[in-house]
Structure formats: C-alpha cells, structure tokens
Amino acid sequence: MTKEEVEEEPLSPMARLFQSPGIENCIITMIGFKAKINPDIILDDLKHNVSKHPRFCSKLVIATHTNYDGERWMKTKVNVEDHVFVPDIDLQEINKDGDGFVDDYVSRLTLSPLDKSKPLWDIHILNVKTSDAEAVGVMRCHHSLADGMSLMSLLVACTRKTSNLESFPTIPAIKRREQMMSHRFGNKGWYSRSINAVYYAVRLIWNTIVDLLLLWATSLFFKDTETPISEGIGSGNNARRFYHRTVSLDDIKLIKNAMKMTINDVLLGVTQDALSRYLNQRYGDKNGEGVTTTSNLNNLPGKIRIRAGVAVNLRQDIGIQPLEDMLAKDSKCRWGNYDSLVFVPFSISLETDPLVPLLKAKSIMDRKKHSLVAPMHYSIIEFIINTFGTKVFNRTCSNTTTILSNIVGPVEEVSLHGNCITYIALTGYGHSQALMIHFISYANKMIITIAVDPAVIPDPHNICDEMEKSLKAMKDTLSGKSD
C-alpha cells in the first residue's frame, strides 16, 4: 500500500445510506458559461487543488463482509485526467441543437455508474452553444460525498466576482427562524412571554408527535395516490432527463414581501399550483397518447394525496458558508450530508384566485416549521443505520411523489477563471420518484431544475411553463391590488 493510501476514515451513516443498494444517489451540477471552456485551465486548477479536499481525493474501500457497499474512505492519489472528460462534438451532426445535445449527454450519464475504484466524481466539458450559454460544464459526484449546500459552498470558493475578478463572492448572512422568533418574544413583557412560551412548547410537542406518526406510517404503508406523475414499479432504474428554466428572483421577492412569507413559501405555492394544472392537463388527456390538453375544465379526481419530501438544512449556520469553515474539525456548519426530509402534503386543486395556493403553502409550512420532525428524522435514520443497516429505507421515499429543495446561490454574478457563469442548475438522480424539483438562486435569477423519468413525465417543459404562468399570475394579482 502506498503512502497516499494509508489515511482512512469511516463513512458517516448518511453516506452509508446513499451507498446502499437501491438508493444509490448522485448529484449533477450543470453550469452555463458566457465563453468556451478551456479544459487545460480546469485540469491545471484541479491538479493544484483537488488534494486539499479530503472527499474528492478519497476512494471507497468496499466491505465484502457486510451487507452494504463501502465502509471507509481511503485517501488516494488522484489522476485528474481520469475525472475530466471533453467529448469531441460534431457541430454539423447536432445541427445547432446544443440544448438537445446537452440534454441527451447528461441523460446518458444517469445510466453510467461512477467508478468506485477511484474518487466518486467527474467533470464533463461541453463546448457547445445552447439557448442560454456558450458552453456547459457538468459536474457529477456521488451524494455520499456531500449535500447540495456543501457543493454550493465549494463552487463559491472556486469563483470570483465578475465585477472584480480579484474578490471572492459575497456570502450573505441568513438567520434561523428560531433566532428571529426569540427576538420577537423578547420585546414583550414577562407575562406575555411566559404564555407564549407555554403555547409554543405545547404546539411544538404536539406537531412533532403527529409528524413522527405520519413518518412511521409512510415508511410502512401510507402511500400517495397513484397519479400520472407517480413512478411505476420497476422503472426506478430508467434514465433520467433534466430540464431547467430561469425566472426572476425579484418577482419572487416581490410576492414574498407583499404576502409576508418566505421565499420557500412562495416556491412551494407556485409548485403546488403548477402541479395541479399540469395534472389537470394529464387527466384531461382522453386519447391516452400522452398529449396534454389546455382546457380550463376541472379534470382532477377528488381526494388526491400527493406529498413532497422537502429538504431541510440542519446546520446551525445556514446558507453558503466559507469552505474552510465547513472543512474544519467539529465545525457547526460541517461538510457532508447534514440535511433531512420533511414530508409536506400538496393541495391539488384548481383555484380561480392565484393567491390561494400561496396561502395554503404558507399555512402548511408554518406548521411544519413548528415541529422537530426534521432533526429527529435525521437522528432516527442515524440510529437505525448504525443498528440495523441500510436496507430498511427503500420504502419511505418511494411512498411519496416528489422531492423539493431550494439552495441559496451567489448573490451576484460570479466567474470561474475569468469565464462568467450564466446559470447554475443543480439536480440529482437515483431516487425512487419520477419527479424532483430543485431551485437555486443566482444573482437576480431563480433557476428551476426538473429531473424526470421520461417514461412517466414525457413533457417536463409543461411543468416549467405552468410554474412560470403561476408566478406571473400571482405577481399580476398583487400588482393589481396595489394600484
């Protein structure tokens, strides 16, 4: 064994979960650039810096005596040329359809597993013009290396402000809701604070108990309604396709401020309304040929149960964090997978008032925020994995319909080695759902990325269309009320 392969570190319980058979997940980050990418610059940068990050210069040691793959990280020497791929693109063959080429290329990656004999990441440089970029960089890494927030902090650490290429991007400070709540209670008298504290504690305990019971039921038997966007049995290994759409972050903030809610509330309301309208189109498809209708008739059956697993960052310091802080030992904003899922029910219905989905979403999220189910879910998973292994977790997510996440990205335009980034689209594959929706804010944009099983959802662009329509209708309604 060489000197580079001496250092070993056990996998965390969550890393073991993401490595388990049937749950193996990967994260894909697609980055659009304003100019062509120079592969030599990327290779040179990786040669100098990849060894500084322990997860990107470690490979898995497969444990054959246990019932799960991989037990320890082993540090190894990285040959970056084995991780960077630059396909030879025939521009005449793709007939200027850069978007189609990128979509097909990334989709094929979902059928090609990462090589576990080396560190679990790769980079693909696609120097082809698309509708919103001159070139696209695709980074794929195994979910056992990190969650989306960790990867965003890594990306920010690699970039500089476009307005000043010598300056690091601004890292916004984000306060946790609990801190804001305690500040609000501190402005009241002791009697009011006592009453509020008791009421707060009782609600917290009750909501947590109810959520834990629902989590237990979901893991055993409580399934969502089978709908046109539900994953079919045995189709979880199909190739995934990805579609992204850019909308205005300023519009989302306008709605947020007018409705006195959070950005997450707005995104949930928009998603809820868009899926309602998309499902109405699919149910209205009378010919069974997958062609959706645009009728305003209500084709939805009654009592549809659809739930989303909403990703919750459990770190004490949320938002983008300095990379050196995340890699520091015993850091409160530690690197890795430190998030949980909260299962949120969607209200699937056609509303004549565009603001109703927002109010419903806020009501649901306010109640979920007043519960300890997210950290307890994480702790329960850790305990069960350490005690019984990972095989028991295939069912919980498969009994729900979709997964949502929202990640805070750079607050201004950034560049990588002087090449300005036009968009950042983060998504993943390996989950049991046919639909995943991810949001990333970047400068004054919000990038929506949808991952689908095309055998179940052949028209993901229609979901994005409905999201854009919902967002515009909400903005126009609020603008009309302010006039």
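Gly309 stands opposite Ile403 in strand S12 of a predicted model. The strands S10 and S12 pair in the parallel sense over 3 bridges, where two strands pair if DSSP finds at least two bridges between them. Strands (E, at least two residues) and helices (H or I, at least four) are DSSP runs, numbered from the N terminus. Residues are numbered from 1 along each chain as its sequence is written, and side-chain values use heavy atoms, with hydrogens and water left out. Local features need pLDDT of at least 70 and side-chain atom pairs count only at pLDDT 80 or more, whereas totals for chains, interfaces and linings use all residues.

On another side of the pairing, 7 bridges join S12 (residues 402–408) to strand S15 (residues 435–442), and these two strands run parallel. Leu404 has Ile437 of S15 as its bridge partner, and Ile407 stands opposite Ile440 in S15. Strand S12 is mostly covered, with 5 of its 7 residues buried; buried means under 20% relative accessible area, exposed over 50%, and partly exposed in between (1.4 Å probe, protein chains only).

These strands belong to an open sheet of 6 strands in the order S9-S16-S15-S12-S10-S11, with mixed pairing. Strand S9 (241–248) and strand S11 (339–346) stand at the edges with a single partner strand each, so one side of each is left without a neighbour in the sheet. From one strand to the next, the twist averages 20°. Angles run from 0 to 180 degrees between N-to-C directions, and axes are lines fitted to C-alpha atoms, for helices over the stretch in contact.

Helix H8 (residues 249–259) lies across S9, S15 and strand S16 (445–452), running at about 65° to S9. Helix H9 (residues 263–283) also packs on the sheet, touching strand S10 (306–313), S11, S12, S15 and S16, and its direction makes about 50° with that of S11. Contact here means heavy atoms within 4.5 Å.

The axes of H9 and helix H11 (residues 356–369) come within 8 Å and cross at roughly 125°. The two helices are therefore oblique to each other; angles under 35 degrees count as roughly parallel, over 145 as roughly antiparallel, 65 to 115 as roughly perpendicular and the rest as oblique. H9 passes H11 in a right-handed crossing. A crossing is right-handed if the near helix is turned clockwise from the far one by less than a right angle, and left-handed if anticlockwise. Residues of H9 in the contact include Asp265, Val266, Leu268 and Gly269, and those of H11 include Pro357, Leu358, Lys360 and Ala361.

Helix H7 (residues 190–220) has 31 residues and reaches 45 Å from its first C-alpha to its last, close to the 45 Å expected at 1.5 Å a residue; the expected span is 1.5 Å times one less than the number of residues. Its buried residues are Leu204, Asn207, Thr208, Asp211, Leu215, Ala217 and Thr218. The axes of H7 and helix H12 (residues 373–388) come within 10 Å and cross at roughly 45°, which makes H7 oblique to H12. H7 passes H12 in a right-handed crossing. The contact is made by Thr208, Asp211, Leu212 and Leu215 of H7 and by Val373, Met376, His377 and Ile380 of H12.

A further open sheet is formed by 7 strands in the order S5-S6-S7-S2-S14-S13-S8, with mixed pairing. Its edge strands are S5 and strand S8 (160–161), each of which pairs on one side only. S8 is joined to strand S13 (residues 414–416) by 2 bridges, and the two run antiparallel. Arg160 stands opposite Ser415 in S13. Helix H4 (residues 98–109) lies across strand S2 (26–33), S5, strand S6 (121–126), strand S7 (135–142) and strand S14 (419–429), running at about 165° to S6.

Within strand S5 (residues 84–85) lies Phe85, which counts as partly exposed because its relative accessibility is 34%. Phe85 touches Tyr105, Asp122, Ile123, His124 and Ile125, not counting residues up to four places away in sequence. Phe85 and Ile125 are 40 residues apart in sequence and 6.2 Å apart in space, C-alpha to C-alpha.

Over the chain there are 14 helices and 16 strands. Of its 483 residues, 50% count as buried. Residues 24 or more positions apart account for 78% of the contacts with a separation of 6 or more.
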